[in-house]
Amino acid sequence: MTHFLVLLLAFGIGVVAGLRALPPPAAVAWAAALQWINLEGTWAQWLAHPITVTVLTILAVVELVTDQLPKTPSRKTVVQFIARLITGAFAGAVIGTAWGYTFGGLGAGLVGAVLGTLGGYEARKRLVDANGGHDLPVALVEDAIAVLGGFAVAALASIV
């Protein structure tokens with residue numbers, strides 16, 4: 001896989017982290033467990049362990065549920081924003097690590113997370129406004145995009 005494609009996938013998983021923080025780490029853990037990406041002998045090999053996959057999957061589901069609560073803070077608050085930066089950079093680094101580009105993947109994931117957070121916020125705000133202020137349908141579509149997008153990036157990493 002070329003360096004550019006690895007960075008593009010890391011960027012993509014970062015964008016997904018901007019939508020929802022936890023599906024990207026869960027997706028790369030599943031990718032490692034399913035041997036879509038090879039992390040054997042790397043710092044990230046622990047992601048393939050069934051306990052890690054289970055914990056990250058549960059955390060991702062919890063996030064999807066709590067995002068629907070009315071008191072959930074904006075993704076642009078400091079804590080939410082930083083969480084997305086961390087998970088986007090982490091998931092990007094994991095994808096990069098599979099091809100020997102850990103730091104490039106980390107940087108691409110971080111940039112993707114910034115753009116995904118800000119762009120996702122604006123897109124959701126505009127779609128909710130266009131939908132007469134009904135947030136739930138837009139939030140559910142965003143959830144689906146985050147989950148499917150995370151797994152799509154992980155799956156592409158296996159075939160590119």
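Here is a short tour of this predicted model, stop by stop.

Before you click, know that local features need pLDDT of at least 70 and side-chain atom pairs count only at pLDDT 80 or more, while totals for chains, interfaces and linings use all residues. Residues are numbered from 1 along each chain as its sequence is written, and side-chain values use heavy atoms, with hydrogens and water left out.

**Stop 1: helix α6**

Select residues 135-159, which make up helix α6. Helices here are DSSP runs of H or I with at least four residues, numbered from the N terminus. How far apart are the end C-alpha atoms of α6? They are 36 Å apart, which agrees with the 36 Å that 25 residues should span at 1.5 Å a residue; the expected span is 1.5 Å times one less than the number of residues.

Now colour the buried residues of α6, among them Val 138, Glu 142, Ala 146, Gly 150 and Ala 157. Buried means under 20% relative accessible area, exposed means over 50%, and partly exposed is in between (1.4 Å probe, protein chains only). Show α1 (3-19), α2 (23-33), α3 (50-66), α4 (78-97) and α5 (102-130) too: the buried residues of α6 pack against these helices.

**Stop 2: the core**

Next, pick Ile 13, Val 28, Ile 37, Leu 39, Leu 47, Val 94 and Ile 95, which have the most contacts inside the largest nonpolar core, a set of 21 residues. Such a core is a set of buried Ala, Val, Leu, Ile, Met, Phe, Trp, Tyr and Cys residues joined through side-chain atoms within 4.5 Å. Which helix gives the most to this core? That is α2, with five residues.

Zoom in on Leu 39. Leaving aside neighbours within four places in sequence, Leu 39 is in contact (heavy atoms within 4.5 Å) with residues including Ala 32, Gln 45 and Thr 97.

**Stop 3: the rings**

Select Trp 43, Trp 46 and Phe 90, which form one aromatic cluster. Rings of Phe, Tyr and Trp (its six-membered ring) pair if their centres lie within 6.5 Å; planes under 30 degrees apart are stacked, over 60 edge-to-face, and the rest tilted. The Trp 43 and Phe 90 rings have centres 5.9 Å apart and planes at 70 degrees, so this pair is edge-to-face. Trp 43 sits in the loop between α2 and α3 and Phe 90 in α4, so the pair ties together parts 47 residues apart in sequence. Trp 46 and Phe 90 are tilted, at 6.1 Å centre to centre and 35 degrees between the planes.

Methods
Helix = DSSP H or I, 4+ residues; strand = E, 2+ residues; numbered from the N terminus.
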